[in-house]
Amino acid sequence: MPLFVEGRRVQLPQSVSEIVRAHPSLEERAKLLRGQSVQLVGPKGLLYVQQRELAVTSPKDGNGATCMTHCDGSDTKTEVPLIMNSLKSLSNPTQNGRLEVHLVGGFNDDRQLSQKLTNQLLNEFDRQEDDIHLMTFCVTELNDREENENHFPVVYGIAVNIKTAEIFRASFPERGPEEELRSARSLTGGPMINIYDAKTEQLHFGPYFWRPFPRVDFWLQQDDKQLLEQFSTSPLAEPPHFVRHIRSTLMFLKKYPFPDDSLFPGNRALLYKKNEGGLWEKISSPGS
């Protein structure tokens, strides 16, 4: 079934500018999002989603479900059905409202990678069996600013309030738990995975497997500029924490060339549940 904006079908393939011309309300919504001030979020009450992760949850009243994910173009054809199935496992859109999608990210990068990923996502959502309503479309040129002839994204991070379904610009001082472990999995080529069980209200990580990262000692000897140029698709546009994040992930991969019992005792997943203060706390795995 097709992709819709305000009840009208989105005709594909089309460029972002063509879609916006046909559905001008999308540009207005993108402008509103870009104009927001950035809110600091967490760590209390935060479920942070890293690259190639998704999490689905719903308010305690069961009124609707929300899926947050970070797609990077590694395997969009597989990722979109995974997103849809994960969401539908928690809610039935045929009985409770409809499926809505909010696409945010990318900019006018030199290599047009953002445009490519946007097109992939639109095409895959359009191929799904359910009607899907495109609500927010703050992508590529709609999320772009220019400075000294260089292009940058406007919105770097977003959050969603699952009780109100409000989407807003956000930054995250803490990106845990297990930030380095999760980053190591994606940097070594791990696919999109669901990290959260809404029924038990637990985060679960692993057990994962990866092979030793090629030339890890060489990369750790390089300066920040080299790491930025080699590990980013858009070096000029990365947020300030990017290189620090890559370096700490490489150090983690040097320490753990193969994930073993020291990372996953008894070859079991690491489980986290929120404590009364709204912070993630490690809990014992069943049978451990």
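Strands E6 (residues 99-105) and E7 (residues 132-139) run parallel and are joined by seven bridges; helices (H or I, at least four residues) and strands (E, at least two) are DSSP runs, numbered from the N terminus. Two strands are taken to pair if DSSP finds at least two bridges between them. Within this pairing, glycine 105 stands opposite valine 139 of E7. The structure is a predicted model, in which local features need pLDDT of at least 70 and side-chain atom pairs count only at pLDDT 80 or more, while totals for chains, interfaces and linings use all residues. Residues are numbered from 1 along each chain as its sequence is written, and side-chain values use heavy atoms, with hydrogens and water left out.

Strand E7 also pairs with E1, in the parallel sense and over two bridges. Here phenylalanine 4 has histidine 133 of E7 as its bridge partner. Eight of the eight residues of E7 are buried, so this strand is largely enclosed by the rest of the structure. Buried denotes under 20% relative accessible area, exposed over 50%, and partly exposed in between (1.4 Å probe, protein chains only).

Helix H4 (residues 113-127) contains 15 residues and reaches 21 Å from its first C-alpha to its last, close to the 21 Å expected at 1.5 Å a residue. The expected span is 1.5 Å times one less than the number of residues. The buried residues of H4 are Ser114, Gln115, Leu117, Thr118, Leu121, Leu122, Glu124, Phe125 and Asp126. An α-helix has 3.6 residues a turn, so residues three or four places apart point the same way. The buried residues of H4 pack against strands E1, E2, E6 and E7 and against helices H1 and H3, where contact means heavy atoms within 4.5 Å.

A separate topic is the open sheet of three strands, in the order E5-E4-E12 and with mixed pairing. Its edge strands, each pairing on one side only, are E5 (66-69) and E12 (193-194). Strand E4 (residues 53-57) pairs with E12 in the parallel sense over two bridges, and leucine 54 has asparagine 194 of E12 as its bridge partner. Helix H3 packs on the sheet, touching E4, E5 and E12, and its direction makes about 20 degrees with that of E4. Axes are lines fitted to C-alpha atoms, for helices over the stretch in contact, and angles run from 0 to 180 degrees between N-to-C directions.

Strands E10 (residues 158-161) and E11 (residues 166-171) run antiparallel and are joined by four bridges. Asparagine 161 stands opposite glutamate 166 in E11. Four residues lie between the strands of this hairpin, and alanine 165 takes a positive phi near 65 degrees.

Two helix contacts involve H8 (residues 242-255). The axes of H5 (residues 179-187) and H8 come within 9 Å and cross at roughly 85 degrees; the two helices are therefore roughly perpendicular, a term that covers angles of 65 to 115 degrees. Residues of H5 in this contact include Leu181, Ala184 and Leu187, which meet residues of H8 including Ile246, Leu250 and Leu253. The contact residues divide into seven nonpolar, four polar and two charged. Ala, Val, Leu, Ile, Met, Phe, Trp, Tyr, Cys and Pro count as nonpolar, Asp, Glu, Lys and Arg as charged, and the others, Gly among them, as polar.

Helix H7 (residues 224-231) packs on H8 at an angle of about 85 degrees, with the axes 10 Å apart. H7 is thus roughly perpendicular to H8. Asp224, Leu227, Leu228 and Phe231 of H7 make the contact with Phe242, Val243, Ile246, Arg247 and Leu250 of H8. These residues comprise seven nonpolar, no polar and two charged.

Conventions. Parallel < 35°, antiparallel > 145°, perpendicular 65-115°, else oblique.
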